[in-house]
Every structure is written in C-alpha cells, then in structure tokens.
Amino acid sequence: MNAKQGAALGLVVLLVVVVLAASADSLLSAPPANVAYTVPASAVRVSSGETASDGTIALRLNNVSDASNAATSSVWIEYNLALGPNAIYNFSLTPPPASRYLVANVTVTNVRHTEIPFTYGDFVLIGRDGTAYYANYAVCNAGCSAQALENRTLNETFTSNVYVLFSVPSATEPVEIVYTGATPPIVMSSA
Amino acid sequence: MADPDRSRVVRYIAIAAIVLVVAALVFPIEDGLSVSGFFGDKTYLLILQDNDEIRGTGGLMSAMGLVTLHNGNIASLQYYYRDSPELQALVKLDGPDSLTQFFGVDSAKLYDSNVQYDFASFAPKMQSDFYNVTGHKVDGVIAVDFTAVEAVMNITGPITASDGVITSRNVADRLHYYSETRGSEAEMSELLSTLTFDFARLIRDSSVQQKLALYTTLQTLENEGHVLIYPAQGFWFRSAGGESVPTGADSISVVDTTLGTGKADFGINRTIDYHVQLFSDGSAITTLTLTYANGCWWEYDVFSTALVPPGAELVAVQNATQEFKGPLVTNGDGFTALSSRLLVSANGTGSVTYTYVQPSVVSASGIGYHYDLYVQKQAGINSYILNASVQLPPGATLIHAENVGSDQVFTGDAHVSVVYT
C-alpha cells in the first residue's frame, strides 16, 4: 500500500464514521413517531353530549377543553385539593415545551349493575391528522376517585364525571375521544 | 518526483490515522461486549430515579431492578418497588453533613438514602447497602431518570400494556400513578420489565445506524446527568458526577432535595445568578442568588445546598420566599456547603442570596489573568438559567469572556471563563 492509498483508505474510514455518526444524530433529532389507532368498524359512534353504551359502561363526552382554560384548571385543582392526603399525586397543569394539555370531561356510568373494571388508561384522544394520544392522568370527585382511580373498579351504582388529561403537541386539534375498554370501543366525537 | 522521506512520513501518518480510527471503534465495542456479559455474566443494580421529586443523585428512587446479562441477553430480571420490605429497610447515612445536621438524621429507608451530592459518592455505598439488605452482589449500579426513559421510548416506541398504551408522552405520569396507588406492582412490573427487555432487544438486534443513535442518545443523557453508571465503563461512560474542579478555579454546584411537597420538579424553573467581583490580589466577593419559580398550583418545599470552593467565608444571606430556614455552613473534602430550606408559594417565586468571600480564584499564566467558574448541574435537573457577571479588578482590561451574560439556558455543566490583563 503506498502513501496515497493509505491516506485514501484512512479518509474513507473516517468518512464512514462521520456519515454514520451524522445519520445517528439526525435520528436523534427526529420527533417520536406518531402513534395511530385504528377504530374498528364495529365501534359505537356518538356525538359530543350523547350517551353511548356497550351494555357494561355508558359514556357521554361533555366537552374537551385546554387545561389553561380557567374553568377547566379550577375544576382540576378543586378535585385534587378535595382529596387532601388521599390525593394520588398532584399533577401540574403547566405542559412541557411545544405541548398543551387537553382535558376531556366524560360522564361515566356503570350500567351492568355489578362491579366492573375501569382504567382511565383506556381513553384515547384522536387528533385531526389521525394521531392517537393516550391518557396521561385523570381526576374526579373523592367518591369516584376511590373507585375509578385507586381501585380501578366501578361499583354497581357508579356514575360520575371523570376528567381525563392528554398531553398533545401544541397544534393538535381533538377530533374524537375513544374508550378502548368497551366491547366494541366507544367513539365520541368532540365536535 | 516524490521525496521518499516525505512519502514515508505521509504513510506513517495515514497508518496512525487508521489505527486511531480502528481503536476508536474497537475499544467501545470491547467495552460494550464486556458490559453486556460476553466475557462473563454481569449483574447490575438498575435504579429508576423520579426526577420530578429531586434528590441529591437525581431523583426519588421509585424502583430498583436486579438484572443479569449473559452474552448480550437478559438472563434474569427482578424489580423491587418502594413499598417492598427490602427498600423499606433502614440504612445508616454517612453524610453529607449539611443534610444530617440540618435535619438531625443519621439513617434513612433504602429507597430514600440517595442523599449524597453526586451519584459517584452514592453508588458504592448503595452497592454495599443493597448487598446487606438483599444478599445480592452487583458489578455496577446504573441509574436512569424519567427524562431518560422518555428519550429511550422515543427510540423503542410505545408499549401496549394491560393498562393501555404507554408512550414517551405519558410514561412519566403512568409511573407516578403506579407508584402512588396501592396494588399497582403488577402494572409497574409489566411496564418496567417490558421497557428493560425492549431496550436490551434494541441494543442486540438493531441496525448499526440505530445502535449509533442509541449510543449517541445514551451519551447525551449521561452527559446531562439522566443516565448514571458506576463504575465508569471505559470508552462508554466515564462520568457519574462528582468530578473535581481544577485547583484554584471557582465553582458552584447546587444540590436540591425536594421535601414534603412531593412530585413538583416538572413545574420548577431554576435560575442561578452569579456575580463575582475580582480583586487584584486574586481574591473575590461572590453574590450568588438561587431562584425557584414554581409553576405548580401547590407549594414547593426544597432543601437547597450550594457547594462552593473550600475556604469560602459566608458574610451575608438574604431570602425572598414564603418560609425560610438556614443557612447552615458545613465543610467537606474540597468544598464549603451553604444550605437552606425554602418554601416557595404556589405559582410563586422563592430565592436565597449568599454573599461570600473567596481567598483566591484567579490564576496568572501566559498573556494575563484567568478566572474560571465551573457550574456543575445536578443530575436529574433538565435545565437551568445562568446569569453570570464578572467584575474585573480596578484598571484591568478584558481580553476574553465566555458564557458571561444573562438568560443563558444550560442542560449540562457550564464553564464561565474570563481572561484579563
């Protein structure tokens, strides 16, 4: 190997390393891939303000609002404070950079007349571009919180408003709230 | 015609460059293989630190995992949670004096014993305490905080768990929820185990490009104190905090511990105002203000310790916060610690200002006098604002200034440098 070949080989190796490192960097700077949720054809669809049921749970989407809305934040804080030492944990309403918090107010009713399982983690917010955002946290009054959030079961007479919070990119407009815990899933239009 | 001597030199340089490049590639691979258990099984203690409830080493220890790696695969994995008897065991504290004297304590539950000023000081004690409590010996201790978990999930993708889909956007809240509700060990276990196995699978099966992305991500997280590895792993990770500052230089390291108000650090913005007045004999008077802007709708209770160079003499302290206790001045190996407890009102701001004298922070060499300030970021903190101003001795002329100014946002350590004649 002569000097020129050696130098050329060295440069090629260096170039490969630089290209790999650069491409790794571009991977890093990429935002997280969007998560999609495919609504099954069998899903129950209702408009905002209407009640839908799968025979076990009945849901009505009352509204979806930004957590910066005074009334929304007031309700959120009121429910947290009312729980006192029984609060699961305090949730700040200051969203991370480039994000906003949307809160869905949903009336949840047990129509099975026996204890049923429930988790707020089954709520999904679908944005206008079809991206799915899964729930971050939820609050409700003390009686509801003990069942729906602490024990994750709803007793036979349960009915309450549950406030479910989603962290979404700042520009996200909500289109639907889906409850995937129902069979079939319940899709509530937020319009 | 080419000069044969010149050609030989060029050839040697080319060979040296190739050797360097190959070494740069081979050493990390060798280290990686060793860490992954290819040269003998390796057992690590994984600590999940909740940096929304900040502690000296980065955050409240929500869970600990005992993982054994064999030929790049997870041979066994067992998680312990905050409520488990092992993590509830009491262990003796060996300091720091600022905390033990301020609160009059000499022991803590294992999950709450990360009170040292940095992970490098804490990890060997944790190795020993963990062995005493569980009987398990570990080769190393690895801590990751929630910021790191979110960053890793941006690469590994979401997890479909029995409790819904968990993404980088909601993972921290789910972990909070599981750790604060009774009987959630199964969900926590499912989430953490899936994350751990996904991560190991990604390391093993990913393309070269993905491996590089992962490696670069981990290095960034490590540089910013979100992933901490003890002991250092050769070319992979070399820092677990606690690095010494060059002798004669100025330094500041703020170490916070969130107290009774629980998880709140996602809503706290920290600002360090650092004003130093230099004198011709090399001494200085420093005015350091630590400000906490609380964006939460509840109070923020923090025990704040500023580590400054040894020999610093506190001459005044002021506060502007809802409630204040302190200051306590203690001395350690290579630092003076100024500690106070601040209660910051909901959606309010709290601050403490220390004024202290330092005998010598200026060095003379080369073209003039050098003043260097090293700002060490606490592990777990995502970012802070630094306002740094340096007042030169009368008659001095500024030659060079770096990172002097206002509203500088840092996600890692910072170095303020001033040269003058």
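In the predicted model, one side of helix α2 of chain A is open: A70(A), A71(A), S74(A), E78(A) and L81(A) of α2(A) are exposed. The helix to which these residues belong runs over residues 70–83 of chain A and comprises 14 residues. From the first C-alpha of α2(A) to the last, the helix reaches 20 Å, close to the 20 Å expected at 1.5 Å a residue.

In contrast to the exposed residues, T72(A), W76(A) and Y79(A) of α2(A) are buried. These three residues lie on the same side of α2(A), because the arc they cover around the axis is only 70 degrees. An α-helix has 3.6 residues a turn, so residues that are three or four places apart point the same way. After α2(A) comes G84(A), which has a positive phi, near 55 degrees.

Attention now turns to chain B. This chain contains eight helices and 23 strands. Chain B is as compact as a globular protein of its length, because its radius of gyration of 24 Å is close to the 22 Å given by the globule rule for 421 residues. The C-alpha trace of chain B spans about 80 × 65 × 35 Å along its principal axes. Of the 421 residues in chain B, 42% are buried. Among the contacts in chain B with a separation of 6 or more, 67% are made by residues 24 or more positions apart.

The domain assignment divides chain B into domain 1, covering residues 34–230, and domain 2, covering residues 250–420. A distance of 29 Å lies between the C-alpha centres of domain 1 and domain 2 of chain B. The two domains touch, with 26 residues of domain 1 of chain B in contact with 24 residues of domain 2 of chain B. On the side of domain 1 of chain B that touches domain 2 of chain B, the elements that give two or more residues are β1 (42–50) and α3 (97–103) of chain B. The most is given by α3(B), which provides four residues to this side of domain 1 of chain B. By residue class, the side of domain 1 of chain B that touches domain 2 of chain B consists of seven nonpolar, 12 polar and seven charged residues.

Methods: Residues numbered from 1 in each chain as written. Chains lettered and ligands numbered in written order. Predicted model: local features only at pLDDT ≥ 70, side-chain atom pairs only at ≥ 80, totals over all residues. Domains from an automatic or database assignment. Contact = placed C-beta atoms within 7 Å. Nonpolar A, V, L, I, M, F, W, Y, C, P; charged D, E, K, R; others polar. Expected span 1.5 Å × (residues − 1). Buried ≥ 20, exposed ≤ 12 C-beta atoms within 10 Å, placed from the backbone. Arc of directions from axis to C-beta. Rg over C-alpha atoms; globule rule 2.2 N^0.38 Å.
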